[in-house]
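Colleague: I have a model open and would like to go through it with you. Can we start with the strands?

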Amino acid sequence: MVAHLDGPSLARLRLAISPASEVTSWMRAALSRFGHPVHGDPGPAARAALRHPDVALVAALVTPPGRLGYTPDLLTPKPPLGPLDAVFDRQLAAMAATPDDEVTIQVNARYPAEGMPARVRAAVEDGTLARRVTDGLRHFWLAALAEQWPAVRAMLEAELAVRATAMATAGVGSMLNNLHPKVGWTGRSLTIDSSYRITTALTGAELVLAPSALAWPQVSTQLCDEGNAVLVYPLGVGRAEQRRAGRLDDLVGASRAAILADLDVPRSTGQLSERHRLAPATVSYHLGVLLRSGLVVRSRERHSVFYRRSAHGDGLVGCRSGQEATLSASRRNTAWVGEPGSGT
């Protein structure tokens with residue numbers, strides 16, 4: 001995907017936190033039978049919230065985890081300027097105010113052929129979909145994410161500070177080139193390595209770069225609507241010098257961080273169990289999470305199975321192939337990322 005940015009658009013580029021994107025990503029994790037690839041199980045409150053009829057309506061519009069597809073932009077409006085405490089309420093207001101004809105266009109794009117769920121079709125036809133998805137996202141937020149939001153927000157604010165400093169000291173082009181391995185800046189265009197072969201242009205438009213703690217590992221874009229131009233990129237991916245020490249612990253939990261850091265060479269479950277003083281079942285659980293998220297690969301040698309970091313794992317750790325990771329392995333509890341099966 002290529003987005004041409006003129007001078008005024010580049011001048012208006014800004015960094016901001018998007019609560020709507022975070023809650024939508026967390027819902028996607030709750031819909032997955034595997035949970036979040038990094039943060040694990042969203043928990044029973046999130047799953048219970050999915051049974052609410054308005055939440056279920058939102059869930060029908062959210063692209064299933066691990067699949068390509070379009071999630072209507074009305075669910076993730078551009079974060080407005082202003083105090084962060086008011087951003088989510090203002091995003092919800094923007095959702096509710098989406099015109100009926102725009103709702104129809106976006107929902108039809110989500111379901112371009114037969115197969116639109118009856119409840120979605122009914123809500124589009126009676127003009128209640130925008131209001132109901134707004135209520136559904138608010139309900140899911142309160143049930144599943146509001147309590148953990150201060151910790152998530154702190155991580156995102158730290159990321160904003162890092163990127164703002166990079167932009168101030170090295171320039172906007174350098175910051176964009178180091179945002180994510182799939183994102184690049186040619187000097188005139190923003191390039192995103194994507195399955196979508198789209199070329200668009202932003203002319204005097206405002207583009208918002210929104211870091212995400214919960215969308216990992218995808219980069220998502222809304223670049224075809226100049227009034228709602230957003231690029232969401234995940235935390236934990238980028239050049240090593242841009243990462244804060246200890247971020248990996250915050251992102252994946254201390255035990256998984258320590259295991260991932262230790263996999264610069266192939267190791268078996270038994271070896272990792274001994275090295276980290278964890279039960280073999282606990283190590284197996286963490287390796288399963290890391291494997292499903294693409295952070296490790298496994299190979300078999302005769303009767304033994306060995307695990308090693310993948311290229312994606314190296315990127316998250318912040319080391320190049322052949323370098324030894326230098327991560328903090330201190331055990332810390334995080335307010336929003338549990339480590340099921342860790343015994344701690």
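Modeller: Fine. Leu 207 has Ala 229 in S8 as its bridge partner. Bear in mind that this is a predicted model.

Colleague: Which strands pair there, and in what sense?

Modeller: Strand S6 (residues 207-212) pairs with strand S8 (residues 229-234) in the parallel sense, over 6 bridges.

Colleague: And what is the strand order in the sheet?

Modeller: The order is S2-S6-S8-S7, an open sheet of 4 strands with mixed pairing. Strand S2 (14-15) and strand S7 (220-222) are at the edges with a single partner strand each, so one side of each has no neighbour in the sheet.

Colleague: What does Leu 209 touch, leaving aside neighbours within four places in sequence?

Modeller: Its contacts include Leu 13, Arg 14, Leu 15 and Ala 16. Met 175, Leu 176, Leu 179, Leu 231 and Tyr 233 are also in contact with Leu 209.

Colleague: How many residues are in the largest nonpolar core?

Modeller: That core has 68 residues, and Leu 129, Phe 140, Leu 190 and Leu 209 are those with the most contacts inside it. Helix H8 (residues 129-145) gives the most to this core, with 8 residues. Another core, of 14 residues, lies apart from it; Leu 272, Val 283, Leu 287 and Val 296 are among its members.

Colleague: At what angle do H2 and H5 cross?

Modeller: The axes of helix H2 (residues 19-31) and helix H5 (residues 87-96) cross at roughly 80 degrees and come within 8 Å. Angles of 65 to 115 degrees count as roughly perpendicular, so H2 and H5 are roughly perpendicular to each other.

Colleague: Which residues meet there?

Modeller: From H2, Pro 19, Ala 20 and Val 23; from H5, Val 87, Phe 88, Gln 91 and Met 95. The residues of this contact divide into 6 nonpolar, 1 polar and no charged.

Colleague: Last one. What are the overall totals for helices and strands?

Modeller: The protein has 15 helices and 10 strands. Of its 344 residues, 53% count as buried. Among contacts between residues at least 6 apart in sequence, 69% join residues at least 24 apart.

Terms used:
Residues are numbered from 1 along each chain as its sequence is written. This is a predicted model: local features need pLDDT of at least 70, side-chain atom pairs count only at pLDDT 80 or more; totals for chains, interfaces and linings use all residues. Side-chain values use heavy atoms; hydrogens and water are left out. Axes are lines fitted to C-alpha atoms, for helices over the stretch in contact, and angles run from 0 to 180 degrees between N-to-C directions. Helices (H or I, at least four residues) and strands (E, at least two) are DSSP runs, numbered from the N terminus. Angles under 35 degrees count as roughly parallel, over 145 as roughly antiparallel, 65 to 115 as roughly perpendicular and the rest as oblique. Contact means heavy atoms within 4.5 Å. Ala, Val, Leu, Ile, Met, Phe, Trp, Tyr, Cys and Pro count as nonpolar, Asp, Glu, Lys and Arg as charged, and the others, Gly among them, as polar. A nonpolar core is a set of buried Ala, Val, Leu, Ile, Met, Phe, Trp, Tyr and Cys residues joined through side-chain atoms within 4.5 Å. Buried means under 20% relative accessible area, exposed over 50%, partly exposed in between (1.4 Å probe, protein chains only). Two strands pair if DSSP finds at least two bridges between them.
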